Amino acid sequence: MIACPCPVCNSVNPKDKRLRCSILVQSATTTLAVDAGPDFRYQMLRAGVKNLDAILFTHPHKDHVAGLDDVRAFNFFSGKPMNIYANELTQEVIIREFPYAFTDTKYPGLPEITLNPIDTEPFTVGDILVTPVLVWHLKMPVLAFRFGKFTYITDANRIDEPEREKIKGSEVMVINALRKEKHISHFSLSEAMAVAQDLKVPQTFLTHISHQLGKHDDVSKELPDGIALAYDTLQLKI
Ligand SMILES: [Zn+2]
Ligand SMILES: [Zn+2]
């Protein structure tokens, strides 16, 4: 956090240096990102991503959409618009926040975007089957996504019973855990761990961690087997 004097914000451990949360999902032929927050440009540079087929959005909060303008570089090299998958609420915000990308008068350098509306029906991006899972961020509907045996959930503090069924059978899950204290719209550490245990997911990684959770190494020691803190640049093969 900018200007924060706390031990986490001043830690020299790279695992305590967190950009806004996002993931890259790759199959043999397809690459997609989930969310494009303010750090999207640097995350794409750092991961050396040369081709990106699509961006899936979980919800329209600024820390998940603010980097969308930087798809311009992918447009330039691919010669194609970027495919965006988002629900109605997120699409409305994207059109409002990036109006210049949706005008009739196009000029060079504008981000080119194709909006693909989604709700909770499964869809495919290239050879990747995506199953959206509806979760709640206080009163805002957020889309989590299941890809085969992997489920990615961020910015939730509640998952209703019928949607929990869609997550069951996942071998690996990423779920948000903001801090130890309860929060109005994010799972706390104990709440996220309870979801992992309830859904019997063998390996869970925690994301969307704030500096209030504590240092990576300290918190890691407190976690049971099968639950670990995610960190920037973590890669999983599933
Ligand atoms: Zn949010
Ligand atoms: Zn967020």
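The zinc ion (ligand 2) and the zinc ion (ligand 1) sit 3.4 Å apart, with Asp155 coordinating both. Helices (H or I, at least four residues) and strands (E, at least two) are DSSP runs numbered from the N terminus.

This is a predicted model, in which local features need pLDDT of at least 70 and side-chain atom pairs count only at pLDDT 80 or more, while totals for chains, interfaces and linings use all residues. Residues are numbered from 1 along each chain as its sequence is written, chains are lettered from A and ligands numbered from 1 in the order in which they are written, and side-chain values use heavy atoms, leaving out hydrogens and water.

**Zinc ion (ligand 1)**
- Its protein donors are His59 (NE2), His61 (ND1), His137 (NE2) and Asp155 (OD), at 2.2 to 2.3 Å. Donors here are N, O and S atoms within 2.8 Å of the metal (3.2 Å for Na, K and Ca); water is not among the atoms, so sites may look incomplete.
- Along the chain, the donors of the zinc ion (ligand 1) follow the pattern H-x1-H-x75-H-x17-D.
- The angles among the four donor atoms run from 89 to 176 degrees, and the site is irregular. Four donors count as tetrahedral if all angles lie between 85 and 135 degrees; four count as square planar and six as octahedral if opposite donors are over 155 degrees apart and all others between 65 and 115; anything else is irregular.

**Zinc ion (ligand 2)**
- Here the protein donors are Asp63 (OD), His64 (NE2), Asp155 (OD) and His208 (NE2), lying 2.1 to 2.3 Å from the zinc ion (ligand 2).
- Their spacing in sequence is D-H-x90-D-x52-H.
- This arrangement is irregular because its four donor atoms subtend angles of 95 to 158 degrees.

**Exposure of the donors**
- His59 is buried at 0% relative accessible area, and Asp155 is buried at 1%.
- His61 is partly exposed at 32%, as is Asp63 at 22%.
- Buried means under 20% relative accessible area, exposed over 50%, and partly exposed in between (1.4 Å probe, protein chains only).

**The β1-β2 hairpin**
- Strands β1 and β2 make a hairpin with four residues between them; β2 spans residues 31-34, and four bridges join the antiparallel pair. Two strands pair if DSSP finds at least two bridges between them.
- Opposite Val25 stands Leu32 in β2.
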